[in-house]
Amino acid sequence: MKILLTGHAGFIGFHLARYFLDRGDEVVGVDNLNPYYDPALKRARLSLLEQYDRFTHVTLSVEDGAGLADIFATHKPAVVVHLAAQAGVRYSVDHPEAYLTSNLVGFGNILECCRNGNVEHLMFASSSSVYGGNSRMPFSVHDTTDHPVSLYAATKKANEVMAHSYSHLYGIPTTGLRFFTVYGPWGRPDMALFLFADAILKGEAINIYNHGNMKRSFTYIDDVVEAVARLSGKIPAVDSEWDSASPDPASSGLGPYRIYNIGSEEPELLMDCVRLLEQALGREAVKNMMPIQQGDVPATWADVEGLKKATGYSPTTSLEEGIGRFVDWYRSFYKI
């Protein structure tokens with residue numbers, strides 16, 4: 001099938017695009033290659049995708065509604081996987097304007113293009129950060145998410161609500177994907193694992209927030225790709241069992257709409273992640289123990305029962321195995 005994938009030069013987008021291409025699909029990629037982190041890494045990912053005959057790259061920001069509409073009109077995608085967004089919880093504290101334009105205006109443009117383009121299935125990236133002030137663990141898609149603690153999280157929550165309204169009003173089948181701390185080869189340089197590896201190999205100190213008392217559902221990239229690929233064929237329908245008197249946030253009786261957690265069922269201590277990274281790199285980290293940062297949460301833990309029920313799949317890669325693969329890639333790519 002023909003898939004339009006935004007953010008294909010990003011971490012998850014690159015791996016997902018390559019999966020679809022290897023499967024035999026045609027992929028039209030939209031990415032603005034912005035300098036939020038090293039564009040050279042994005043170009044390196046893109047160079048691998050451009051080796052496929054069934055791949056088309058378009059340099060464009062999703063905030064450009066007219067340009068996006070032209071792409072939809074030209075390529076007529078059956079499925080849209082929208083991953084392009086301004087990423088980063090901590091960056092959103094000091095740069096809110098980037099999130100308002102990319103994550104809200106850009107997503108609005110995607111929804112309009114899907115409505116006018118008769119798209120069969122829209123999948124979009126949400127985030128575990130939407131759980132915000134929730135303390136009940138594990139995080140369930142059936143719980144409310146009304147108390148985000150960062151603007152990034154607020155924009156992702158807004159995306160879910162916007163998608164539901166379009167699903168209801170225009171019948172667009174939409175699937176929201178709440179990603180939990182994704183890591184692995186070709187990862188993002190602004191995320192902890194990448195920052196830690198770089199600092200450790202340079203002999204520099206790493207900042208460990210909340211004095212190390214952090215837990216995360218670290219989720220290996222191959223597990224994420226497998227889950228999303230399986231869900232791409234699960235086009236949602238209106239939930240006939242949905243009760244408006246006690247509405248389930250994970251589905252809808254008003255439109256073809258679903259939300260899924262994509263994450264590991266085994267949350268790990270951040271300090272265990274650091275220990276495994278030290279072992280894989282063969283060096284000990286110099287550690288600065290720091291208070292928790294504004295906009296951050298002390299723990300995440302994914303309940304993936306919905307994902308397992310829909311696809312028969314849940315993430316399986318251990319943190320030790322995943323970090324080993326990441327370090328192997330890191331040393332190879334940066335020739336360290």
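**Close-up views of a predicted model**

**View A. Val-30 stands opposite Val-58 in S3.** The model shown here and in the other views is predicted. Strands S2 and S3 run parallel and are joined by 5 bridges.

**View B. Seven strands form an open sheet with parallel pairing.** The strand order is S3-S2-S1-S4-S5-S6-S11. S3 (55-59) and S11 (257-262) stand at the edges. Each edge strand has a single partner, so one side of each is left without a neighbour in the sheet. Neighbouring strands are turned against each other by 20° on average, direction ignored.

**View C. Strand S4 pairs with strand S5, and the two run parallel.** S4 covers residues 79-82 and S5 covers residues 121-127. 4 bridges join them. His-82 has Phe-124 of S5 as its bridge partner.

**View D. Helix H3 (residues 65-75) packs on the sheet.** H3 touches S1 (2-6), S2 (26-31), S3 and S4. The direction of H3 makes about 170° with that of S2.

**View E. Helix H8 spans residues 221-232.** From first C-alpha to last, the 12 residues of H8 reach 16 Å. That is close to the 16 Å expected at 1.5 Å a residue. Is H8 largely enclosed by the rest of the structure, or largely open? It is largely enclosed, because 9 of its 12 residues are buried. The buried set consists of Ile-221, Asp-223, Val-224, Val-225, Ala-227, Val-228, Ala-229, Leu-231 and Ser-232.

**View F. Helix H11 spans residues 319-334.** H11 has 16 residues and reaches 22 Å from its first C-alpha to its last. The span expected at 1.5 Å a residue is 22 Å, and H11 comes close to this. Leu-319, Gly-322, Ile-323, Phe-326, Val-327, Trp-329 and Tyr-330 are buried in H11. Down the helix axis, these buried residues fall within an arc of 165°, so they line one face of H11. The face turned away from the buried side carries the exposed residues Glu-320, Asp-328 and Ser-332. Lys-335 follows H11 and has a positive phi, near 55°.

**View G. The buried residues of H11 pack against helices and strands.** The helices in this contact are H2, H7 (192-202) and H9 (270-281). The strands are S7 (182-183), S10 (219-220) and S12 (268-269).

How values were computed
Residues numbered from 1 in each chain as written. Predicted model: local features only at pLDDT ≥ 70, side-chain atom pairs only at ≥ 80, totals over all residues. Heavy atoms only, no water. Pairing = 2+ DSSP bridges. Axes fitted to C-alpha atoms, helices over the stretch in contact; angles between N-to-C directions. Contact = heavy atoms within 4.5 Å. Expected span 1.5 Å × (residues − 1). Buried < 20%, exposed > 50% of the residue type's maximum accessible area, 1.4 Å probe, protein only. Arc of directions from axis to C-beta.
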